[in-house]
Structure formats: structure tokens, C-alpha cells
Amino acid sequence: MELPRRRRRRRSSGQTTGGPEPPSPTRIVQDILSINAGEDVVQTILAHFRNIPRPSQEYLGVVLSATGSVLNPAISTRLLTKSFEGAFPIAHLTGHFIIKRTGRVEPRQGLNITFRGSDGEMVGGRVEGSLIAATKIQLCVGRFPHEAN
């Protein structure tokens, strides 16, 4: 006599096996930073990446988005460095940093900003020196494993 075959029960795609999902080596970890008026944006980002738990491998830290205004920014383009006077709302802010196993943080491509100048035209370039918050700034930063070349 042949026994009937048992059908295996399938889980729906939203169900798990019961425990937390192990961290993926390619998963990005995001953090939200609040920077008060008068604080240096660059130094706050560097301090944040320096203060994460000592990584077991090298990480790439990135600035993903930003809202708020900066005061008297100085930027450089291929041709020149220019300083602006006044408060300017951030249109776009990006940056890449290497977070070493030792905890040291090295700018990879520096910090780049785009904002609307006093004449209404969009201005952008690499941040030179400090970048002071004119208003409270909210930053979304992330980090993920980076293979050193």
C-alpha cells in the first residue's frame, strides 16, 4: 500500500523563520544627523563617522541628503574658489568618506554643495574649509562596506 505524499507548507514572502535577519554585508546603514545653527557641517559629519563602533572592515560613508541653510559658504570649481556672503538654502549636498578600520576618516571626494545664489542662479562646487549651518540642518548619512583597492 502506497502512502499519500505530504505537501510541504510554503511561507508567504512576508513571513520569516522566527529570528532577526542577519545583517547583510552589502546593506547600507543610515543615520539622521541634526546640526544646529552655528555648527560646522563638515566637522559634524567627520565626528559622526569617527564615533561609530570600530569597524571590522573599511566602510564608505556617504551624505545622502540634506535640508537647511548654510552661512557664508566657500566653494571651488575647476577654475576658481569663490566665497559667498549670507545664508543660502541647500539644494543638494553630497560627500564620500573612507572610514578606516582604525577609526580614521578620510574624505574621498570631499563635500559638494549646490545652492541658489543671491542672484537666483544655482551655484555649486566643492566645499572649501568649514561649512557653517545658518539654520538647523538635517542630514541623512549612510555607510556600507567598501573594498579597498
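Me: In the predicted model, in which loop does Q57 lie?
Reply: This is a predicted model, in which local features need pLDDT of at least 70, side-chain atom pairs count only at pLDDT 80 or more, and totals for chains, interfaces and linings use all residues. Residues are numbered from 1 along each chain as its sequence is written, and side-chain values use heavy atoms, with hydrogens and water left out. With helices (H or I, at least four residues) and strands (E, at least two) taken as DSSP runs numbered from the N terminus, Q57 lies in the loop between α1 (41-50) and β2 (59-67).

Me: Is E58 buried or exposed?
Reply: E58 lies in the loop between α1 and β2. Buried means under 20% relative accessible area, exposed over 50%, and partly exposed in between (1.4 Å probe, protein chains only). Because its relative accessible area is 12%, E58 is buried.

Me: Which residues does Q57 contact, leaving aside its neighbours within four places in sequence?
Reply: Q57 and H146 are 89 residues apart in sequence, yet 7.7 Å apart in space, C-alpha to C-alpha. Taking contact as heavy atoms within 4.5 Å, and leaving aside neighbours within four places in sequence, Q57 is in contact with I99, R101, P145 and H146.

Me: How many residues has the largest nonpolar core?
Reply: A nonpolar core is a set of buried Ala, Val, Leu, Ile, Met, Phe, Trp, Tyr and Cys residues joined through side-chain atoms within 4.5 Å. Those with the most contacts inside the largest one are V41, L93, L111, I113, L131 and L139, and its residues number 30.
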